[in-house]
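Thanks for making time this morning.

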Amino acid sequence: TLSELADETWDLMSLGLVRTDERAPDERSFTDHHFLHLERKHRPQIRMWLFSGSDEELTGADVEWWVGDGSGYVRMLLQAKRLDRNGRYAEAGRNIGKTPVRQVDRLVEICDYGIPSLPGGMDYLGLTPVYLFYNGEISRTTAAHDLCANTAVGPKQRGCTITHARMVQRLLGPARPRGRRYLARDDI
């Protein structure tokens with residue numbers, strides 16, 4: 001199912017990225033579709049909660065995602081970003097609302113320390129913070145470049161790429177007003 005969704009994402013993103021007369025596909029649409037599809041096809045192995053805007057501000061995440069065998073789960077907080085026509089993830093270094101806090105920093109912090117003020121205590125403590133990048137061809141002449149060393153992974157499988165949020169933090173560098181605010185496709 002994950003392979004099928006990656007292929008579909010690559011095709012739809014490629015179509016949207018080469019069409020200059022309309023906006024590129026939105027990551028929220030992909031995220032909603034993919035996670036609802038995964039939950040429908042693989043419950044109880046997949047559990048997920050799509051976050052609202054206020055939840056995203058609190059956690060830095062779009063989705064809480066659990067993957068397991070029904071008796072135990074790997075629990076993740078996930079933020080999704082899409083490739084733009086310039087070959088960048090322009091929103092990767094985005095701040096939360098009008099605050100100086102970057103999403104990536106909030107996401108990592110919530111997983112490291114939890115949210116003590118929530119009823120029930122540290123609800124997100126110990127979850128793995130991850131980024132899901134949606135990719136496609138920018139033009140028919142460009143080939144996908146990334147840091148994936150697995151030669152068995154074809155281009156369409158790169159439609160959905162997951163990386164740890166700490167890697168995103170490291171690539172963006174320290175939070176500062178004039179610091180790098182995007183990642184290039186070649187970074188991931």
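What you see is a predicted model, in which local features need pLDDT of at least 70 and side-chain atom pairs count only at pLDDT 80 or more, while totals for chains, interfaces and linings use all residues. Residues are numbered from 1 along each chain as its sequence is written, and side-chain values use heavy atoms, with hydrogens and water left out.

The axes of helix α4, residues 103-113, and helix α5, residues 165-172, come within 9 Å and cross at roughly 140°; axes here are lines fitted to C-alpha atoms over the stretch in contact, with angles running from 0 to 180 degrees between N-to-C directions, and helices are DSSP runs of H or I with at least four residues. On the α4 side the contact, meaning heavy atoms within 4.5 Å, is made by Val104, Asp105, Leu107, Val108 and Asp112, and on the α5 side by Ala165, Arg166, Val168, Gln169 and Leu172.

Now to Thr59, which sits in helix α3, residues 53-59, and which counts as buried because its relative accessibility is 1%, the limit being under 20% relative accessible area with a 1.4 Å probe and protein chains only. Its side chain reaches the backbone oxygen of Asp55 at 2.9 Å and the backbone nitrogen of Ala61 at 3.1 Å. Leaving aside residues up to four places away in sequence, Thr59 touches Phe51, Leu77, Arg106, Leu107, Ile110, Ile115 and Tyr124.

Terms used: Helix = DSSP H or I, 4+ residues; strand = E, 2+ residues; numbered from the N terminus. Buried < 20%, exposed > 50% of the residue type's maximum accessible area, 1.4 Å probe, protein only. Polar contact = N/O pair within 3.5 Å; in protein donor to acceptor, adjacent residues only side chain to side chain.
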